[in-house]
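Try each task before you read its solution.

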Amino acid sequence: MLKTSHALVLLVVAVLALAGCATQGSTVGMQPVPITDFKMVAGKWQGPVTGISSKRDDWVEMSITPEGRFDFGIARTIGVFEGGGPLTLADGKMQGKGERGSIIYTLYQGGDRRVLKGDATLSDGRQVSATLTPR
């Protein structure tokens with residue numbers, strides 16, 4: 001049986017770990033940064049996606065090339081949801097369109113942290129959002 005002090009320490013560690021996961025993709029204290037070149041966001045990104053399923057968030061992994069192409073994959077219980085295509089830059093944001101819908105990305109930065117927020121509309125009209133961090 002755990003002593004009260006050990007149980008309290010385990011509880012504090014669990015709360016801190018959950019708080020760290022919750023703030024990893026948060027933009028609190030961060031400022032939007034205009035995306036002026038694809039090289040600013042080139043690389044691999046990952047994070048939760050909300051709006052595809054009403055029961056849970058999904059996880060996306062995306063890569064962006066310095067030339068302005070993207071590829072993504074979302075592992076789902078019923079199979080992989082994937083796509084990609086060219087990106088464009090307009091008004092400090094990055095945009096992508098594909099057969100499954102369109103998305104607009106905004107880059108946030110605070111200190112060493114960067115978050116790429118995506119707001120999408122799928123071809124069936126559903127609104128989807130993603131909060132991505134570099135991996």
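**Exercise 1.** Find where Asp91 is located, then decide whether Asp91 is buried or exposed.

*Solution.* 
Step 1. In this predicted model, Asp91 sits in the loop between β5 and β6.
Step 2. The relative accessible area of Asp91 is 79%. Exposed means over 50%, so Asp91 is exposed.
Step 3. Now check the backbone. Most residues other than glycine have a negative phi. Asp91 is not a glycine, yet its phi is positive, about 55°.

**Exercise 2.** Describe the largest pocket: what is its volume, and which residues are closest to its centre?

*Solution.* 
Step 1. The volume of the largest pocket is about 360 Å³.
Step 2. The pocket is lined by 28 residues, and Phe70, Phe72, Phe81, Ile103 and Leu122 are the closest to its centre.
Step 3. Sort the lining by class. There are 15 nonpolar, nine polar and four charged residues.
Step 4. Look at the strands. Each of β3 (58-64), β4 (69-76), β5 (79-90), β6 (93-98), β7 (101-110), β8 (113-122) and β9 (127-134) gives at least two residues to this lining.

**Exercise 3.** Classify the aromatic pair formed by Phe70 and Phe72.

*Solution.* 
Step 1. A pair of aromatic rings is described by the distance of the centres and the angle of the planes.
Step 2. A search of the whole structure gives one aromatic pair. For Phe70 and Phe72, the centres are 6.3 Å apart and the planes are at 5°.
Step 3. Planes under 30 degrees apart count as stacked, so the pair of Phe70 and Phe72 is stacked.
Step 4. Both of these residues, Phe70 and Phe72, are buried.

**Exercise 4.** Decide whether Leu122 is buried or exposed, and list its contacts beyond four places in sequence.

*Solution.* 
Step 1. Leu122 belongs to strand β8.
Step 2. Its relative accessibility is 14%. Buried means under 20%, so Leu122 is buried.
Step 3. Beyond its neighbours within four places in sequence, Leu122 contacts Arg100, Gly101 and Val128.
Step 4. Compare chain and space. Leu122 and Lys97 are 25 residues apart along the chain, with 9.8 Å between their C-alpha atoms.

**Exercise 5.** Which side chain makes a polar contact with that of Thr106?

*Solution.* 
Step 1. Thr106 is in strand β7.
Step 2. With 10% relative accessibility, Thr106 is buried.
Step 3. Residues touching Thr106, beyond four places in sequence, are Pro32, Lys93, Val115, Leu116 and Lys117.
Step 4. The side chain of Lys93 makes the polar contact with Thr106, at 3.0 Å.

Methods. Residues are numbered from 1 along each chain as its sequence is written. This is a predicted model: local features need pLDDT of at least 70, side-chain atom pairs count only at pLDDT 80 or more; totals for chains, interfaces and linings use all residues. Side-chain values use heavy atoms; hydrogens and water are left out. On a 1 Å grid over the protein atoms alone, a cavity is a set of points where a 1.4 Å probe fits but cannot get out, and a pocket is an open set with protein on both sides within 12 Å along at least five of seven lines; lining residues have an atom within 4 Å of a point. Grid points are joined across faces, edges and corners, and a volume is the space filled by probe spheres set on the points. Helices (H or I, at least four residues) and strands (E, at least two) are DSSP runs, numbered from the N terminus. Ala, Val, Leu, Ile, Met, Phe, Trp, Tyr, Cys and Pro count as nonpolar, Asp, Glu, Lys and Arg as charged, and the others, Gly among them, as polar. Rings of Phe, Tyr and Trp (its six-membered ring) pair if their centres lie within 6.5 Å; planes under 30 degrees apart count as stacked, over 60 as edge-to-face and the rest as tilted. Buried means under 20% relative accessible area, exposed over 50%, partly exposed in between (1.4 Å probe, protein chains only). A polar contact is a pair of N or O atoms within 3.5 Å; within protein, one must be able to donate a hydrogen and the other to accept it, and residues adjacent in sequence count only if both atoms are side-chain atoms. Contact means heavy atoms within 4.5 Å.
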